[in-house]
Amino acid sequence: NTFKPMKGVNSALTHYFFGPNLDQKLTIQKFIQFQAQLQREILTLEFERKTPNSEGLITEVDFAELLVAYAGYSHKKKSRKLKRVKRKFKDNNLGISKKDYLDFFHFLSNINDVDTALTFYHIAGASIDQATLKHVAKTVAMVDLRDHVIDVIFTIFDEDNDNQLSNREFVAVMKNRLQRGLEKSKDTGFIKMMRSMLKCAKETKPVLLDL
Ligand SMILES: [Ca+2]
């Protein structure tokens, strides 16, 4: 009925999901795999935009910029945090690799489970210090965050400088962000498209080509 300007993209995706003859079924597993790959590619693009050096490393400030943009702080709060990172790592600029960046976002994608684990630690009376965060990342998200990365994370998020991350300082910010991210209009279109693809996968009918 109506002309869809996204037809080219949709066709590429439908071919990817349903095969060249559109007769293959899209499994949940394949869809999840696609989603993970897409996220990885987006994160890689973001990382590359910070122009890593010859060793493939970006600066701690670059990394912090990516994270504070993600956290959605006010301009004032952002620049305060970036200044702190700049000061702290001026003479300790070990750099952040693409793996560090991908690992950290993998950790973030498990933030709800991390929250549960941290709450448990809090009840048990243990403080959420660097060692605890590292341990939780490893056991909950199964990522091995480097000590240096954790040091940078604390420099960004530990606002009262007590060497501990409170829920308000870190997990609440990131959880809120993840949830809000899904409500943003630019994502909604994509998610709607994904939903319709899952729907047509169920009906084994290429709905998107039914123009
Ligand atoms: Ca703190």
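Does Lys134 count as buried, exposed or partly exposed, and at what relative accessibility? In this predicted model, Lys134 counts as partly exposed at 26% relative accessibility, where buried means under 20% relative accessible area, exposed over 50%, and partly exposed in between (1.4 Å probe, protein chains only). The model being predicted, local features need pLDDT of at least 70 and side-chain atom pairs count only at pLDDT 80 or more, while totals for chains, interfaces and linings use all residues. Residues are numbered from 1 along each chain as its sequence is written, and side-chain values use heavy atoms, with hydrogens and water left out.

The whole structure holds 10 salt bridges. In one of them, Asp147 pairs with Lys134, with 3.0 Å between the closest N and O atoms. Because Asp147 lies in helix H8 and Lys134 in helix H7 (residues 130-140), the pair ties together parts that are 13 residues apart in sequence; helices (H or I, at least four residues) and strands (E, at least two) are DSSP runs, numbered from the N terminus. Through salt bridges with shared partners, Lys134, Lys138, Asp144 and Asp147 join into one network. Asp147 itself is exposed, at a relative accessible area of 53%.

Another salt bridge joins Glu65 to Lys50, the closest N and O atoms being 2.8 Å apart. This pair links distant parts of the chain, 15 residues apart: Glu65 sits in helix H3, and Lys50 in the loop between helix H2 (28-49) and strand E1 (57-58). Glu65 is partly exposed with a relative accessible area of 30%, and Lys50 is partly exposed with 21%.

Within helix H5 (residues 98-109), Lys99 and Asp103 are 4 residues apart and therefore separated by about one helical turn. They form a salt bridge with closest N and O atoms 2.8 Å apart. Here Lys99 counts as exposed at 55% relative accessibility, whereas Asp103 counts as buried at 14%.

Lys81, Leu82, Arg84 and Val85 are buried in H4. These residues lie on the same side of H4 because they cover an arc of only 155 degrees around the axis, the arc being that of the directions from the helix axis to the C-beta atoms. Helix H3 (60-71) and helix H8 (147-157) are included in what covers the buried residues of H4, with contact meaning heavy atoms within 4.5 Å. The face turned away from the buried side carries the exposed residues His75, Lys76, Lys83, Lys86 and Arg87.

The calcium ion has as its protein donors Asp158 (OD), Asp160 (OD), Asp162 (OD), Gln164 (O), Glu169 (OE) and Glu169 (OE), lying 2.3 to 2.6 Å from the ion. Donors are N, O and S atoms within 2.8 Å of the metal (3.2 Å for Na, K and Ca), and sites may look incomplete since water is not among the atoms. The donor residues follow the sequence spacing D-x1-D-x1-D-x1-Q-x4-E. Of these residues, Asp158 is buried, with a relative accessible area of 3%, whereas Asp162 counts as partly exposed at 38% relative accessibility.

Definitions and conventions:
Salt bridge = Lys/Arg side-chain N within 4 Å of Asp/Glu carboxyl O.
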